[in-house]
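This report describes selected features of a protein model, from the chain interface to individual side chains. The sequence and structure are shown first.

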There are 2 protein chains.
Amino acid sequence: MSEIGTALARELGPDRVAEDAATLTAHQVDYWILAHLRARQGRLDGPPACVVRPQSTAEVAAAVRIAQRHGVAIVPYGGGSGVLGGAVPPAGSLVIDTRAMHKLLELNDAALWVRVQAGMMGGVYEATLAEQGYTGGHFPQSIDLATIGGLVATRSAGQLSTRYGNIEDLCLGLEAVLASGDVVRVKAVPRSSTGPSLRELFLGSEGALGIVTEATLRIFPKAEHRAMETYAFPTMAAGLEAIRKIVRVGWRPAVVRLYDAVESARNFTDWAPADQCLLLVLSEGPRTLVDAEMAACAAACAGAVALGAKPVEHWLGHRNVVPSWDTFLDREMLVDTIEIAAGWDRIGGLYDAVVASLQGVPGLLVGSAHSSHSYPQGTNLYITFAMKPPDFADAEKHYLDAWGRVMRASLDAGGTIAHHHGIGRLRAEWLREELGTAYPLLLALKRALDPAGLMNPGTLVARG
Amino acid sequence: MSEIGTALARELGPDRVAEDAATLTAHQVDYWILAHLRARQGRLDGPPACVVRPQSTAEVAAAVRIAQRHGVAIVPYGGGSGVLGGAVPPAGSLVIDTRAMHKLLELNDAALWVRVQAGMMGGVYEATLAEQGYTGGHFPQSIDLATIGGLVATRSAGQLSTRYGNIEDLCLGLEAVLASGDVVRVKAVPRSSTGPSLRELFLGSEGALGIVTEATLRIFPKAEHRAMETYAFPTMAAGLEAIRKIVRVGWRPAVVRLYDAVESARNFTDWAPADQCLLLVLSEGPRTLVDAEMAACAAACAGAVALGAKPVEHWLGHRNVVPSWDTFLDREMLVDTIEIAAGWDRIGGLYDAVVASLQGVPGLLVGSAHSSHSYPQGTNLYITFAMKPPDFADAEKHYLDAWGRVMRASLDAGGTIAHHHGIGRLRAEWLREELGTAYPLLLALKRALDPAGLMNPGTLVARG
C-alpha cells in the first residue's frame, strides 16, 4: 500500500481506502475522449496512488489534511462524467471519490430548497424529488452519470434551464472543504447583500479551489401543465431570430432548442423536411402561463412550418443517450462536443465561422451544431464534430486542431469558450485569453485558497 | 495642499483635485444617519485629505497608485446615498469621487446590454434608456441619488426586482481598478462556465476589494403592457401567504409589496381600511402574460378585499421621496430602515420577533415593516423604526441597540442581516456571524486583493 493510503487507512479505516488495480484504473479517466485515446495509446500518466471513499465531510477534511501533510495532489471524483479531463488524476495523486456521500439531508417545502450531499447522482436526486411532487429543474444530459457536487463544481446547465435557471441560479448555499482541511459553509438565504457572493467561488471551482461536499438547491413544485411544438426553419439564422424574439420580451419556455439542418436530419429523421432546421419548444408551468407562452412562440415562429409535438416527445425519450467513446475509437474515429456562447448580434456569424473552420480539419466527417440554452442576451452553440484522422497515431494533434479552431472563433466573436461543460484540463490553456485582464484574479484566488498547489493541479488553472 | 493632493495635481492636473473645506465636508458623510448625528455632536473623524475627480479609468488607476505610494487610505464615493457609512472616509484618506465618469458607452440592441461608466447617476441612466425605448429594470429607492457603480458595489436591489432581477442578475460584466492600480475587465457574455464568476467578487465589494469603474448591464425593451391591483389582508401572515403562493409556481409580477397595518395606514391613508395590510401588485410585460399573471394573483388573494389600482399609482408617484435626516435630528429623533430576509418558513415569525423586540428600545416611537422583494424561497422585510431617545446625548447607544435587536432576530431565524443595502461600516461587525465559517474566505479575499489594507478600511471588513 502507498504511504498516503496507509495513513488514510489508519485514520479513516481500511474500508475507506482502495488501491487495487481495477479501482485505480477506473479512476484514471473521466469522460474525456482524449484520455481514452491516450489510454489506448499507452500515453496516459501513471495511475493515482490511492482512492479514498469518505462517508462524511469530516472524512473529506481528514483526507485533505493527510494529503497535504504528504504533499500529494488531491483530485475530487464524482460521477466521472466530465468531458474535459477535469477529474483525470495526475500520477501518484489521491482521488477522493465522493459517491459514498449520497444523502438528501433536508427538504424544506415552504422555502422550496433541499440540502443534499455532493455525492448523490443527479438522476437519483431528480427521482427522489419527483416522488414527492417536486423537480430540481436541473437536467444536464449527464444527469444519470454525474453527481450533484460535480454539477455544482463545473458550473453546469440543464436542458430546461431557460425556465429553471443554471446551477448558479439553483444553488443557494453550499459546503466545501478547503485545501487547509477547513470546512466552510455558505448558508442559503433567499437573497443577500453581504459582500461578494462566496458561494460563487466554488461554482466552477472544479476541485482546484476546494471540494464541494454539500449543496442547498432550489426545488420547484411539479409543473401543472406542459405543452410542446416543433417548427421547421429554412436556415439557422431564421431559427435563431425566432428564439431571440421569444426571449427578448421575457418569455422563458423551458426548452427552446434549434438544430441545424445536419442535426435535424440525423436526430429527427422521421419528421425533418429536407434541409430544414428544427426548433423544439416545450413550455411548462401554470396552464394559463403555458397557453400564453406557446401562443407567443407561435407568433414569433410565423412563417415556419409547425410539425407538432412528436419530435419533442422523441427528444425527451432519447435526450440522454450518449455513446461510449470505444464505439468510435475502435473505428479510429474521434467524436466530441464543444459548447460556446455569444450575444445575439454575433451568434449567427459565429455559427457560420465555426462550421466553416471545422471543414479545414483533416479527416473531418461532420461539424454541426444546435442552440439549446437561450437568454435575452444571446444563446449557446453546442457543436458536435466527428473525424477520422488520416493518421490515427496523430489523432491527438488533429483533435486539438479542431478544438483550437472553435476556441479561436468564439474568442474572436467576443463570445465565451465554455457555456456549461467547464474548463477541465483541455480548456485550461484557453482560459487565459478568455479571462484576459481578469485572469490574474483567478491566479490570486488559486494562490490564496491553494497555496501549496495540491488541489487538482492542472485543472482550471494551467500548470506553469 | 496635502502631500497626496500635490502628487495627484501634478500627475492628473490641478482641476481634478479639491481640498477646499466645502468639498471635504460634503464628502465627509454619506446618507448614514449616524454619521450625521456624529457630525452634529462633533464626534466625526477628521475630514479626508483630498477629493479627486478622475475622468477616466486610467485616472482612477493613477490615483490608486499614488495613494498606495503615500500609504493613504482610498475611499470611492459615488452618489453618497449609502445608508450604512460605507463611504464615510477615514480621516486623512483620499476620496475618489467617480461622478465625472458618467457616460453611457455603448448600447447593444440585439444583445440587450449597455456599457456604462460607474459615475452615471441611476436616474439619468434610466431616463437615457427610456428615451430609446428600453428600461434598465433597476429601480432602487435611491435611483436619483446613487451612481451605477455604487449600485453595483453595494449589491443593490430595485423595486421591480421580482421581474427584472437584482443587480447580480443584471450585471453581466464590469471593469474595476484593483488596489495595485491594475485594471481588470470581466467581459459580458450571455452565460459561461469558465471557473468562479470573477464579476461576483466586485458585486458587494464596497470599495474594499477594488473600485468599480464600468459595468455592462442587461436592458429590456419597454414593457408592452402594465396592470395594477391592491389587496387588503387582515394580517401580515395572510398577506405573506398570498405572495408565497404567487411566486411558488413561477409567477413574477414586477411589484409585490406587502405593508403591515402601521405602514398601510401611514402610506395609504386614503385607501387602507383600519388595521389592514395592503398588498400592491404590479405586473408588466407582454399583454397576455400580464393578463394571466394578474388573474393568478387574484386567485392567490382570494378572500382579501380588492381596492383597485389607485394605491399602486400613489406609490409609483411617491416611492422615492426620502426625508432629510436633519428633519428628524432637529427634533432629537432618529429614524432608520433595515432590510433583512428569510425563507418563507421563518419570515412570519421573524416579522413578529422584530416588531416585538424593537418595542424594548427606549424611546421607540414606531417599528414597522413591509415586504418588497419576493422569491420562491422567501422574502425580505424592510423595517422602519423611529425613536426619540430619552437622552439624546446617548442617542447612538440606543440606535445601535435597535440595530442589534434586528440583526440578532435575523440571525436567529437563519435569515440574512442584509437584503440589499450592503454592509458599510455599520454592519461590518455583524458580518462575521452572518458568514460564519465562510468569514475567513472574505478575509482571504481581502488579503489577496488589498494586501496593504488601504481600500476603504473599515467598510465591509471590520478593522482589527
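A polar contact is a pair of N or O atoms within 3.5 Å; within protein, one atom must be able to donate a hydrogen and the other to accept it. The model discussed here is predicted, and that cut-off applies to the surroundings of Asn380(A), where the backbone nitrogen of Ser372(A) lies 2.8 Å from a polar atom of the Asn380(A) side chain.

**A buried asparagine in chain A**

Asn380(A) belongs to strand E18, which covers residues 378–387 of chain A. The backbone nitrogen of His373(A) also lies 2.8 Å from a polar atom of the Asn380(A) side chain. Is Asn380(A) buried or exposed? With a relative accessible area of 0%, Asn380(A) is buried. Leaving aside residues up to four places away in sequence, Asn380(A) touches Ile340(A), Ala341(A), His370(A), Ser371(A), Ser372(A), His373(A), His419(A) and His420(A).

**Positive phi angles in loops of chain A**

Arg155(A) is not a glycine, yet has a positive phi of about 60 degrees. Arg155(A) is placed in the loop between helix H6 (148–153) and helix H7 (161–164) of chain A. Its relative accessible area is 4%, so Arg155(A) counts as buried.

Glu332(A), likewise not a glycine, has a positive phi of about 60 degrees. The loop that holds Glu332(A) runs between helix H13 (325–329) and strand E16 (334–343) of chain A. Glu332(A) is partly exposed, at 39% relative accessibility.

**An open sheet in chain B**

Chain B contains an open sheet of five strands in the order E5-E6-E10-E8-E9, with antiparallel pairing. Its edge strands are E5 (104–108) and E9 (183–186) of chain B, each of which pairs on one side only. On average, and with direction ignored, neighbouring strands of this sheet are turned by 10 degrees against each other.

Within the sheet, strand E6 (residues 113–117) of chain B and strand E10 (residues 211–218) of chain B run antiparallel and are joined by five bridges. Trp113(B) stands opposite Arg218(B), a residue of E10(B). Helix H5 (residues 122–131) of chain B lies across E5, E6 and E10 of chain B and runs at about 40 degrees to E5(B).

**The interface of chains A and B**

How many residues of chain A are in contact with chain B? Contacts involve 84 residues of chain A and 84 residues of chain B. The area buried between the two chains is about 6,300 Å², and carbon and sulfur atoms give 60% of this area.

Six salt bridges are found across the interface of chain A and chain B. One salt bridge brings together the side chains of Arg248(A) and Asp109(B), at 2.7 Å from N to O. There are also 35 residue pairs in polar contact across the interface of chain A and chain B, both residues being at pLDDT 80 or more. Helix H17 (residues 439–449) of chain A supplies five residues, the largest share of the side of chain A that touches chain B.

**Salt bridges within the chains**

A search of the whole structure gives 54 salt bridges over all chains. The table lists examples with both partners in one chain.

| Partners | N to O distance |
|---|---|
| Glu429(A) and Arg432(A) | 4.0 Å |
| Glu263(B) and Arg266(B) | 3.8 Å |
| Lys397(B) and Asp394(B) | 3.6 Å |

Glu429(A) and Arg432(A) are three residues apart in helix H16 (residues 428–435) of chain A, so about one helical turn separates them. Arg432(A) is partly exposed, with a relative accessibility of 37%.

In chain B, Glu263(B) and Arg266(B) both lie in helix H10 (residues 261–267), three residues or about one turn of the helix apart.

Asp394(B), the partner of Lys397(B), is partly exposed, with a relative accessible area of 32%. In chain A, salt bridges that share partners join Glu106(A), Arg115(A), Glu175(A), Arg185(A) and Glu214(A) into one network.

Definitions and conventions:
Residues are numbered from 1 along each chain as its sequence is written. Chains are lettered from A and ligands numbered from 1 in the order in which they are written. This is a predicted model: local features need pLDDT of at least 70, side-chain atom pairs count only at pLDDT 80 or more; totals for chains, interfaces and linings use all residues. Side-chain values use heavy atoms; hydrogens and water are left out. Two strands pair if DSSP finds at least two bridges between them. Helices (H or I, at least four residues) and strands (E, at least two) are DSSP runs, numbered from the N terminus. Axes are lines fitted to C-alpha atoms, for helices over the stretch in contact, and angles run from 0 to 180 degrees between N-to-C directions. Contact means heavy atoms within 4.5 Å. Buried means under 20% relative accessible area, exposed over 50%, partly exposed in between (1.4 Å probe, protein chains only). Buried area is the accessible area (1.4 Å probe) that two parts lose on being put together, summed over both.
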